[in-house]
Amino acid sequence: MSSAAATRAATDTPVTPHGRTALDWRIRFGALSLIWGFSFLLIKVGTEAYAPFQVTLGRLVFGTAVLAAAMAVKRDRLPRGTRTWGHLAVAALLLNALPFSLFAYSELTIPSTLAGICNATSPLWGMALSLVALSDDRPTRRRVAGLGIGFLGVLTVLGAWQGFHGLDVTGTAMALLASLSYPVGWIYVRRTLAGTGHSHLSLTGAQLFLATVQLAVLTPLFTTLPSRFPLLPLLAVAALGALGTGLAVLLQYGLVAEVGPTTAQMVTYFIPVIATAAGVAVLGESLTWTTPVGAVIVLAGAALTQARSRPGGRTGHGDRSRDWGLSFGSARRDPNERS
């Protein structure tokens, strides 16, 4: 759901002799968009019966189980080295434990549609942070304009000119903070885990495991064991973890390997659309004109922030390792990437 790895994955999905998986990439792209778009609905359903930390813990347990199974099938091993595991623990906090928990808490008081749109601000935060933290990521007029347009879209969604009337400020702030946590984590991963030599699947599996451990420690401190386990919310949490976290990562790596991160990251722009449609159609959440209009402005700004300068003055995505839409924290430096 957030969104996918800061560098491209090159070997972590089975391919046919022609370099393609049996299932067309467009189908997998659509499936990934639906899975991540519906994740915000699943969070809302899960928090109707379970505490946010419990929803997050369940999500991580099921997601880790899927990646553990994938690692067993591929006979991939967990990474080695104390330093690597230390960096992975920080990545697990920034890319999984913290944002997953914040989104779960935010949906106690805000609609899933708003949470999904807040999630789409991650590329905006990422662009703003990269200008400060990454010395080789230079601003362009188009990208700066995209940043301004994107945050104008956020203000439109929130109805700023109405004084944020009817808006739960705390819940919205949590969702925005969750979206900010992703690019902070991506920058950290790029600086610390690039070039470790471990596979993306291995790093991400270890990262989710560490996030699960973190939530397993925190959850008993802030929640009590439920006296009953309603089936529908439990199924929602299971689907959120197995599909929205575990399977989604595997689909994402396959897409990045086959069509490249520039195309694969476009899933980011479908997530808020699907989240909004699901929230309105399934949960009956209300929708004012500011939500879809603001979402379109946010996505337009986010798209502009992804523009990169190519040799010869054209704009594109240039160095693929700098694409912000691909986040789950595994990183291995592309040998062709300029440092």
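**Glutamate 107**

Setting aside neighbours within four places in sequence, I found glutamate 107 in contact with Phe40, Ile43, Lys44, Thr47, Ser112 and Ala115; contact means heavy atoms within 4.5 Å. Glutamate 107 sits in the loop between helix 3 and helix 4. Helices here are DSSP runs of H or I with at least four residues, strands are runs of E with at least two, and both are numbered from the N terminus. Is glutamate 107 buried or exposed? Glutamate 107 is buried, at a relative accessible area of 1%. The cut-offs are under 20% for buried, over 50% for exposed and partly exposed in between, with a 1.4 Å probe and protein chains only. I also noted valine 45: it is 62 residues from glutamate 107 in sequence, and the two are 9.5 Å apart in space, C-alpha to C-alpha.

**Ground rules I kept in mind**

Residues are numbered from 1 along each chain as its sequence is written, and side-chain values use heavy atoms, with hydrogens and water left out. As the model is predicted, local features need pLDDT of at least 70 and side-chain atom pairs count only at pLDDT 80 or more, while totals for chains, interfaces and linings use all residues.

**The whole chain**

I counted 12 helices and two strands in the protein chain. Along the sequence the pattern reads α-α-α-α-α-α-α-α-α-α-α-α-β-β. Of the 339 residues of the chain, 54% count as buried. I then looked at contacts with a separation of 6 or more: residues 24 or more positions apart account for 89% of them.

Arginine 75 lies in the loop between helix 2 (52-74) and helix 3. Its relative accessibility is 76%, so arginine 75 counts as exposed.

Threonine 84 is in helix 3 (residues 82-106). It counts as buried because its relative accessibility is 12%. What does threonine 84 touch, leaving aside its neighbours within four places in sequence? I listed Pro79, Leu193, His198 and Leu203 as the contacts of threonine 84.

**Valine 213**

Valine 213 belongs to helix 8 (residues 200-222). With a relative accessible area of 36%, valine 213 is partly exposed.

**Aromatic pairs**

Next I went through the rings. Rings of Phe, Tyr and Trp (its six-membered ring) pair if their centres lie within 6.5 Å; planes under 30 degrees apart count as stacked, over 60 as edge-to-face and the rest as tilted. The count by this rule is eight aromatic pairs. Tryptophan 125 and phenylalanine 151 have ring centres 5.1 Å apart and planes at 70°, so I logged the pair as edge-to-face. This pair links distant parts of the chain, with tryptophan 125 in helix 5 (residues 122-133) and phenylalanine 151 in helix 6 (residues 141-158), 26 residues apart. Tryptophan 125 is partly exposed at 24% relative accessibility, and phenylalanine 151 is partly exposed with a relative accessible area of 24%.

Why does the pair of tyrosine 182 and tryptophan 186 count as stacked? The ring centres of tyrosine 182 and tryptophan 186 are 6.3 Å apart and the planes are at 15°, so the pair is stacked. Both residues lie in helix 7 (residues 169-192), four residues apart, about one turn of the helix. Tyrosine 182 is buried at 1% relative accessible area, and tryptophan 186 is buried at 2%.

I also noted that ring pairs link Trp25, Phe29 and Phe270 into a cluster.

**A charge over a ring**

Arginine 59 lies over the face of phenylalanine 100, 3.6 Å from the ring centre. The rule asks for NZ of Lys or CZ of Arg within 6 Å of the ring centre and within 35 degrees of the ring normal.
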